[in-house]
Amino acid sequence: MNTESLARDVPRAAPGAVVALALSGKISANPVEGRSVRFGRNRPDVDLCVGETDLRVSRRHGLLTRRAGRWWVTNTGRLPIRLPRTRWLFRDEEPVPLDNGYTPLFIRGSHDREHLLELYVAGEDGGHPSAHHATATQPPKRWRLTPDEHLLLVVLGQRYLLHEANPQPVSRQHVAEVLNELQPHAGWGVKRVEHMVADVRARLSAAGVHGLLREEVGEPVGNALNDNLLRELVLSTTLVPPDLALLDPLP
């Protein structure tokens with residue numbers, strides 16, 4: 001379940017280069033004025049294939065173009081492309097410029113599937129900042145999860161991985177239903193979901209993560225404990241957007 005993600009690791013690239021990653025592969029393009037990168041469903045006709053088996057994704061769904069010293073995203077497909085902070089880019093709209101760093105793009109496909117295209121624009125340092133002090137900065141602490149915990153938490157936290165505005169955990173009942181669809185013989189139920197999530201919260205709380213105990217958040221608790229848990233898992237890159245591929249049923 002160790003899925004590659006630009007949120008976790010960025011290959012060294014020329015300053016201003018863009019790296020694009022989808023389930024089908026990865027491509028990088030140097031910052032040459034007028035350079036373009038095509039993405040969409042039709043593998044022979046694009047530079048990076050996205051949503052290859054989903055007929056809702058257009059054959060040429062979008063374009064990255066280097067212009068005026070920046071990379072721009074253009075939608076050439078039928079369906080909109082969703083950017084962070086719930087911003088939508090529709091066909092024939094003005095291109096959107098990309099900031100340096102990490103940007104995930106989502107294309108909604110058939111049966112509520114979301115196809116992810118990760119982008120990373122290298123800054124002046126080529127994507128790997130140099131140290132300014134004698135002591136190197138520690139990378140984020142990724143938490144150890146069992147395969148079952150990992151899958152459960154991806155289902156519970158899918159709205160966070162989709163970069164929705166003000167996300168909340170999905171209901172325990174819905175988590176159990178999705179897990180039973182993915183693993184029909186594993187015996188998932190609401191009580192098992194509750195106990196496993198509580199075990200992860202207790203483990204991270206004992207390791208020093210604040211806001212995972214009832215007495216730390218006050219009443220009414222609501223979704224606060226699981227919200228704090230999921231934010232910690234996402235911020236630590238224990239869960240990353242490519243993990244959403246685990247929710248696609250096997251063919």
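Leaving aside its neighbours within four places in sequence, which residues is threonine 238 in contact with? The partners are Arg8, Lys141, Arg142, Trp143, Leu145, His150, Leu233 and Asp243, where contact means heavy atoms within 4.5 Å.

Before going on, a word on the model. It is a predicted one, so to speak of local features a pLDDT of at least 70 is needed, side-chain atom pairs count only at pLDDT 80 or more, and totals for chains, interfaces and linings use all residues. Residues are numbered from 1 along each chain as its sequence is written, and side-chain values use heavy atoms, with hydrogens and water left out.

Threonine 238 sits in the segment after H6. Helices (H or I, at least four residues) and strands (E, at least two) are DSSP runs, numbered from the N terminus. Threonine 238 counts as buried because its relative accessibility is 6%. Here buried means under 20% relative accessible area, exposed means over 50%, and partly exposed is in between (1.4 Å probe, protein chains only). The side chain of threonine 238 also makes a polar contact with the side chain of serine 236, at 2.7 Å. A polar contact is a pair of N or O atoms within 3.5 Å; within protein, one must be able to donate a hydrogen and the other to accept it, and residues adjacent in sequence count only if both atoms are side-chain atoms.

Histidine 150 belongs to helix H1 (residues 147-156), and its relative accessibility of 9% is why it counts as buried. Its side chain has a polar contact of 3.2 Å with the side chain of aspartate 243.

How many of the ten residues of H1 are buried? Eight are, so H1 is mostly covered by the definition above. The buried ones are Glu149, His150, Leu151, Leu152, Leu153, Val154, Val155 and Leu156. Their cover includes H2, H3, H4 and H6.

A nonpolar core is a set of buried Ala, Val, Leu, Ile, Met, Phe, Trp, Tyr and Cys residues joined through side-chain atoms within 4.5 Å. The largest one has 31 residues, and those touching the most other members are Leu152, Leu153, Val175, Leu179, Val193, Leu204 and Leu229. At least two residues of this core come from each of H1, helix H2 (158-161), helix H3 (172-182), H4 and H6. H1 gives the largest share, six residues. A second, separate core holds 22 residues, among them Ala29, Leu105, Ile107 and Val121.

Apart from neighbours within four places in sequence, leucine 152 is in contact with Val175, Leu179, Trp188, Val193, Met196 and Val197.

The axes of helix H4 (residues 190-206) and helix H6 (residues 224-235) come within 11 Å and cross at roughly 65°. From H4, the contact uses Val197, Val200, Arg201 and Leu204; from H6, it uses Leu225, Asn226, Leu229, Glu232 and Leu233. Sorted by class, that gives six nonpolar, one polar and two charged residues. For this sorting, Ala, Val, Leu, Ile, Met, Phe, Trp, Tyr, Cys and Pro count as nonpolar, Asp, Glu, Lys and Arg as charged, and the others, Gly among them, as polar.

## Loops and exposure

Most residues other than glycine have a negative phi. Alanine 68 has a positive phi of about 55° although it is not a glycine, and histidine 163 likewise has a positive phi, of about 60°. Alanine 68 is found in the loop between strand E5 (62-67) and strand E6 (70-75), while histidine 163 is in the loop between H2 and H3.

A polar atom of the side chain of glutamate 33 lies 2.8 Å from the backbone nitrogen of alanine 68.

| Residue | Relative accessibility | Class |
|---|---|---|
| Alanine 68 | 61% | exposed |
| Glutamate 33 | 53% | exposed |
| Glutamate 216 | 29% | partly exposed |
| Histidine 163 | 27% | partly exposed |

How values were computed
Axes are lines fitted to C-alpha atoms, for helices over the stretch in contact, and angles run from 0 to 180 degrees between N-to-C directions.
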